[in-house]
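Hello,

Here is the structure we talked about handing over. Please open it next to the notes below.

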Amino acid sequence: MLTLLGKSTSINVRKVLWTCAETGQAYQLEQYGGGFQPTGTPEFLGLNPNGLVPVVIDNGQALWESNTICRYLVGKHGRTDLLPLEPMARAQVEKWMDWQATELNNAWRYPFMALIRGSAEHQDPAMIASSTNTWNRLMALLDQQLAATGAYVCGDTFTLADIVLGLSLNRWLSTPVARPALPALQTWSQRLMERPGYVQHGANGTP
């Protein structure tokens with residue numbers, strides 16, 4: 001059985017939990033992070049020197065970085081529908097996964113920390129507005145992509161890109177910021193609600 005270290009409210013841990021649901025991977029969750037077991041101990045840092053969750057331990061080996069863990073799980077279970085083998089089809093999925101981890105993550109951090117976490121270090125109104133504008137602009141790019149595909153991020157079928165970006169969609173919808181009307185995102189959100197893994201680990205009331 002796979003061991004997953006990380007708190008179940010973490011957006012990156014929830015990517016892994018949803019991927020486990022899609023692949024049927026059995027796991028044991030041990031809660032680590034704020035309010036739970038610490039991630040700064042020598043033991044944890046020996047598993048992930050960054051001191052961040054999630055970490056998975058499988059067959060005695062540790063793995064970190066949430067998107068990498070998700071790739072590992074679908075590869076382990078042979079789920080080429082979620083991450084194709086053909087190089088270009090695979091790259092199209094990974095392109096959007098990498099975009100989520102870089103451009104999109106950086107956009108939402110300031111308003112999320114201000115409005116959801118209540119961080120005293122993130123209360124500059126100008127920074128909240130600027131970051132929110134960038135966040136909305138990037139979500140509009142995703143809306144354009146979904147309008148073009150008419151279904152999921154990379155086409156007609158559900159892939160890993162939908163898992164990592166579905167969690168980002170939930171965070172955008174759950175943060176009290178002014179949002180433009182993006183109909184393709186709304187349709188996609190409703191489509192994701194048909195998947196039990198998203199209902200359980202994505203749109204579960206946690207931003």
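Predicted model: local features only at pLDDT ≥ 70, side-chain atom pairs only at ≥ 80, totals over all residues.

**Two loop residues to look at**

Glu65 sits in the loop that links β4 to α3. Glu65 has a positive phi of about 80°, although it is not a glycine. Its relative accessibility is 47%, so Glu65 counts as partly exposed; the exposed class starts over 50%.

Asn59 is another such case. Its phi is positive too, at about 55°, and Asn59 is not a glycine. Look for Asn59 in the loop between β3 and β4. Is Asn59 buried or exposed? Asn59 counts as exposed, because its relative accessibility is 71%.

**A cis peptide bond**

The peptide bond from Val53 to Pro54 is cis. Its omega is near 5°.

**The sheet**

Strands of a sheet pair through backbone hydrogen bonds, in a parallel or an antiparallel sense. Here, 4 strands make an open sheet with mixed pairing. Their order is β2-β1-β3-β4. β2 (27-30) and β4 (61-64) are the edge strands, and each pairs on one side only. On average, neighbouring strands are turned by 20° against each other, direction ignored.

β1 (residues 2-5) and β3 (residues 55-58) pair in the antiparallel sense. There are 3 bridges between them. Leu5 has Val55 as its bridge partner in β3.

Two helices lie across these strands. α1 lies across β1, β2 and β3, and runs at about 155° to β1. α3 lies across β1, β3 and β4, and runs at about 125° to β4.

**The largest pocket**

How much space lies in the largest pocket? The figure is about 740 Å³. The lining has 27 residues. Nearest the centre of the pocket are Ser10, Ile11, Asn12, Leu52 and Val53.

Which helix gives the most to the lining? That is α4, with 6 residues. α1 (11-23), α3 (66-76) and α4 (87-115) each supply at least two lining residues. By class, the lining holds 9 nonpolar, 12 polar and 6 charged residues.

Best wishes

How values were computed:
Residues numbered from 1 in each chain as written. Heavy atoms only, no water. 1 Å grid on protein atoms, 1.4 Å probe; cavity = no way out; pocket = protein on both sides within 12 Å on 5 of 7 lines; lining within 4 Å. Points joined across faces, edges and corners; volume = space filled by probe spheres on them. Nonpolar A, V, L, I, M, F, W, Y, C, P; charged D, E, K, R; others polar. Pairing = 2+ DSSP bridges. Axes fitted to C-alpha atoms, helices over the stretch in contact; angles between N-to-C directions. Contact = heavy atoms within 4.5 Å. Buried < 20%, exposed > 50% of the residue type's maximum accessible area, 1.4 Å probe, protein only.
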